[in-house]
Amino acid sequence: MPLLLIKIFKMGITEKLIRKLDNSKAFTFAEVDIFSNEKAWISTGSPSLDYRLKTFGWPTGIIEITGESQSGKTTLSLHAMKQNILQYKDRAVTVILSSERRDNRELALMMNVPVEEIMIVNTSTVEAVFDEMSRIVDATNKLFEEEKRKDKPRFLFVWDSLGQTPSKAEISAMKIRKEARLKGDEDKNPQMAAAAKAIQLGLRSTAILSDENELTFFIINRSYDNMNSPGKTSYGGKAMKYWPKMRFDLVRTSDVKVGEDVVGQITEVKVIKTDFDRPKQKFPIEIGYGYGIVLGDEDIKFAINEGLLKKYGAYGAKFNDKLKWSSRRELYEHYENRNPMLKILLMKLTSRFHSLVVEERESRLKK
């Protein structure tokens, strides 16, 4: 019997069926690898947070960040924008879909975010958010085709924010209600929960866009006390539970002080949902006021253990003669002075953490 026929004869039923079907659509479950199949990552800006999430940062698809005021939502979104531009350079398309009209340019500049590379599109309704995103994707892809570029755009859309954006039906309902109140007809109280349906349809279309493009949709949302059960909830209805690849809730837990001065905060990143690891985990990040995410204790300890930093004094560490500190105040001064060595250290530290993600992942798969 020919060798090829012997090989086919020994195949299992699944492999035989796959050979008869379209191999681009049919494959074994063993070949499914959501991490390796991810098209493009954006670092969170925190090397240790990337590592704790068991990823290289934010994946393509839908990401939701919730939290109360001053919890760090804007900081994380600005870092995502900054990293998208740094990592993907002239193919990065970075857009703020602005509903609140409170885009903090001053904070972005202090964090050294390249604001000239970021587009802001004002959106007054939920429907407009998704319409504008689709329109920008189509226009960008057409531009790349016209310029005969061989690469593809790397999209990052930041919606600020879901909780502040009404649907068209809600706006219409508010107008009807106002007119009824002026006429003294208080019985006319139309249903105003149409936003959830608009969000559901929009997220469905976004999922399709992200499948076809290198696209991350970063949704900023607000959490509030749940009246029906203990804990907090957020806007968006059930759709927000199902469509995102990752969902997080941010909680400001403590101040970072230098002497008597409050210079930053510790924010707890609570993982509500993730496709890449276990949910219900909590990871701290350190946010310096005006600087964004700064090197925390975990980053510094890891860098010393890996030989990227050397101990320097009782508290501090040393990268080279141009980047060393013996106190937290001195470390923050490097951020204030925008020491270029910080960027180099961050790149090396991120690369090492990402290598560790791959090593640990491969080790788990072998077991």
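Colleague: In strand 4, which residue is the bridge partner of S98?

Modeller: This is a predicted model, and the pairing is read from its bridges. The bridge partner of S98 in strand 4 is D160. Strand 2 (residues 92-98) pairs with strand 4 in the parallel sense, over seven bridges.

Colleague: With which other strand does strand 4 pair in the parallel sense, and over how many bridges?

Modeller: Strand 4 also pairs with strand 5 (residues 214-220), in the parallel sense and over seven bridges. There, W159 has I219 of strand 5 as its bridge partner.

Colleague: Are the residues of strand 4 buried or exposed?

Modeller: For a strand, one considers each direction in which side chains point. Strand 4 (residues 154-160) is mostly covered, with seven of its seven residues buried. R154, L156, V158 and D160 point one way, F155, F157 and W159 point the other way, and all are buried.

Colleague: How is an aromatic pair described, and how many aromatic pairs are there?

Modeller: A pair of aromatic rings is described by the distance of the centres and the angle of the planes. The count here comes to 14 aromatic pairs. In one of them, the ring centres of F130 and W159 are 5.6 Å apart and the planes lie at 80 degrees, so this pair is edge-to-face. Because F130 belongs to helix 6 (residues 126-146) and W159 to strand 4, the pair ties together parts that are 29 residues apart in sequence. F130 is buried, at a relative accessible area of 6%, and W159 is buried as well, at 0%.

Colleague: Which residues form one aromatic cluster together with F35?

Modeller: F35 forms one aromatic cluster with W41, F56 and F276. The charged end of K54 sits over the ring of Y51, at 5.1 Å from its centre. R149 lies over the face of F144, 4.0 Å from the ring centre.

Colleague: Which residues touch the most other members of the largest nonpolar core?

Modeller: In soluble globular proteins, nonpolar side chains tend to be buried together. The largest nonpolar core here has 60 residues, and W58, F218 and F248 touch the most other members. Helix 12 (residues 340-366) supplies the largest share of this core, seven residues. Another core, of 24 residues, lies apart from it and includes I62, V121, V126 and V129.

Colleague: With which residues is F248 in contact, leaving aside its neighbours within four places in sequence?

Modeller: With those neighbours left aside, F248 is in contact with L53, W58, I63, E64, I65, T66, V269, K270, V271 and I272.

Colleague: How many salt bridges does the structure hold?

Modeller: The structure holds 13 salt bridges. R52 and E298 form one of them, with their closest N and O atoms 2.5 Å apart. Since R52 lies in helix 3 (residues 47-52) and E298 in helix 10 (residues 297-305), this pair ties together parts that are 246 residues apart in sequence. R52 is partly exposed, at 31% relative accessibility, and E298 is partly exposed at 28%.

Colleague: Are E286 and R328 buried or exposed?

Modeller: Both E286 and R328 are buried. Their side chains meet in a salt bridge, at 2.6 Å from N to O. This pair links distant parts of the chain, with E286 in strand 10 (residues 282-288) and R328 in helix 11 (residues 328-336), 42 residues apart. R252 is partly exposed, at a relative accessible area of 38%, and D255 is partly exposed at 37%.

Colleague: Where does Y332 lie, and which residues does Y332 touch beyond four places away in sequence?

Modeller: Y332 lies in helix 11 and is buried, with a relative accessible area of 5%. Not counting residues up to four places away in sequence, Y332 touches V256, V263, G264, E286, I287, G288, Y291 and V294. Sequence and space can then be set side by side: Y332 and Y291 are 41 residues apart in sequence and 8.6 Å apart in space, C-alpha to C-alpha.

Technical notes:
Residues are numbered from 1 along each chain as its sequence is written. This is a predicted model: local features need pLDDT of at least 70, side-chain atom pairs count only at pLDDT 80 or more; totals for chains, interfaces and linings use all residues. Side-chain values use heavy atoms; hydrogens and water are left out. A salt bridge is a side-chain nitrogen of Lys or Arg within 4 Å of a carboxyl oxygen of Asp or Glu. Helices (H or I, at least four residues) and strands (E, at least two) are DSSP runs, numbered from the N terminus. Buried means under 20% relative accessible area, exposed over 50%, partly exposed in between (1.4 Å probe, protein chains only). A nonpolar core is a set of buried Ala, Val, Leu, Ile, Met, Phe, Trp, Tyr and Cys residues joined through side-chain atoms within 4.5 Å. Contact means heavy atoms within 4.5 Å. Two strands pair if DSSP finds at least two bridges between them. Rings of Phe, Tyr and Trp (its six-membered ring) pair if their centres lie within 6.5 Å; planes under 30 degrees apart count as stacked, over 60 as edge-to-face and the rest as tilted. A charge sits over a ring if NZ of Lys or CZ of Arg is within 6 Å of the ring centre and within 35 degrees of the ring normal.
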